[in-house]
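Hi,

Here is the structure I said I'd pass on. Have a look at it first, then read my notes below.

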Amino acid sequence: AYNFFKRGKIKESIFDFEGSYADLLEAIRLSKFDNDDTMFWNSHMNTIGYSSATEFYEEHLIDLILKKGNERFKIGDYNGAIIEYAKAIEKYPCIDAFAKSGEAKQNLKNYTGAINDYDAAIERIPSNPEWLRTGFLLNKYKVAPIYRNRGESKQAIGLINDAQSDFDEYNKLLENELKENFNSNQNNTKAQSIFGLNVSLISILIEGNEWKDFSIGNTKDYID
């Protein structure tokens with residue numbers, strides 16, 4: 001199973017998405033057999049937070065499906081992107097898939113459909129999301145754009161008060177992130193200064209966390 005997984009990831013890296021999809025499906029199928037290889041990889045995956053190798057392979061499969069949707073999204077084929085995101089949702093209803101589907105629908109001015117997808121994404125956010133698996137689910141900071149986008153969709157159909165509530169939540173999340181990044185990077189700066197390094201906190205924020213000029217408002221200050 002793992003060999004199919006490796007080959008699938010290689011194919012993905014050269015944009016052979018169909019070939020990668022087929023190999024990841026085969027990896028998932030083989031990972032469900034009760035044999036020594038499965039036992040070995042299940043044990044290994046347990047050490048990195050997965051219940052089984054099957055779960056690990058399935059997440060990569062969904063990540064691949066999201067990438068196919070993202071490719072359609074980038075060229076403005078929002079209907080095609082929605083189809084791909086729907087496939088991901090059917091297999092694994094993750095936050096990312098709902099959020100991206102919402103964005104595609106919002107771009108098509110299907111604001112009600114977008115709001116429904118954003119609702120589904122937000123419903124899946126843990127109450128205290130310290131850190132969700134990177135590259136697959138959204139971490140607590142990237143949740144902010146979902147609220148902003150839902151607010152914009154609500155605003156477009158005249159739900160002004162509801163929209164403002166979402167904008168308020170968006171701004172609160174950004175403020176919290178700025179504070180946490182400042183505190184975290186201030187500690188890093190102090191630690192590095194001990195070793196004689198001249199570190200600029202501003203450059204850390206820009207280069208490490210991709211911040212532009214920050215101001216509170218209903219604007220896209222955060223780089224998604």
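**A buried serine**

With a relative accessibility of 0%, Ser153 counts as buried, because anything under 20% falls in that class. Keep in mind that this is a predicted model. You'll find Ser153 in helix α8, which covers residues 144–156. So what does Ser153 touch, once you leave aside its neighbours within four places in sequence? Its contacts are Gln106, Tyr111, Ala114, Ile115 and Tyr118.

In general, nonpolar side chains tend to be buried together in soluble globular proteins. Here, the largest nonpolar core has 43 residues, and Tyr57 and Ile146 touch the most other members. Elements giving two or more residues to this core include α2 (17–31), α3 (36–46), α6 (95–107) and α9 (160–194). The largest share, nine residues, comes from α4.

**Two helices side by side**

Now look at α4 (residues 53–74) and α5 (residues 78–91), whose axes come within 7 Å and cross at roughly 170 degrees. An angle over 145 degrees counts as roughly antiparallel, so that is how α4 runs relative to α5. Among the residues that meet there are Leu61, Ile65 and Phe73 from α4, and Tyr78, Ala81 and Tyr85 from α5. By class, this contact has nine nonpolar, three polar and six charged residues.

Cheers

Technical notes: Residues are numbered from 1 along each chain as its sequence is written. This is a predicted model: local features need pLDDT of at least 70, side-chain atom pairs count only at pLDDT 80 or more; totals for chains, interfaces and linings use all residues. Side-chain values use heavy atoms; hydrogens and water are left out. Helices (H or I, at least four residues) and strands (E, at least two) are DSSP runs, numbered from the N terminus. Buried means under 20% relative accessible area, exposed over 50%, partly exposed in between (1.4 Å probe, protein chains only). Contact means heavy atoms within 4.5 Å. Axes are lines fitted to C-alpha atoms, for helices over the stretch in contact, and angles run from 0 to 180 degrees between N-to-C directions. Angles under 35 degrees count as roughly parallel, over 145 as roughly antiparallel, 65 to 115 as roughly perpendicular and the rest as oblique. Ala, Val, Leu, Ile, Met, Phe, Trp, Tyr, Cys and Pro count as nonpolar, Asp, Glu, Lys and Arg as charged, and the others, Gly among them, as polar. A nonpolar core is a set of buried Ala, Val, Leu, Ile, Met, Phe, Trp, Tyr and Cys residues joined through side-chain atoms within 4.5 Å.
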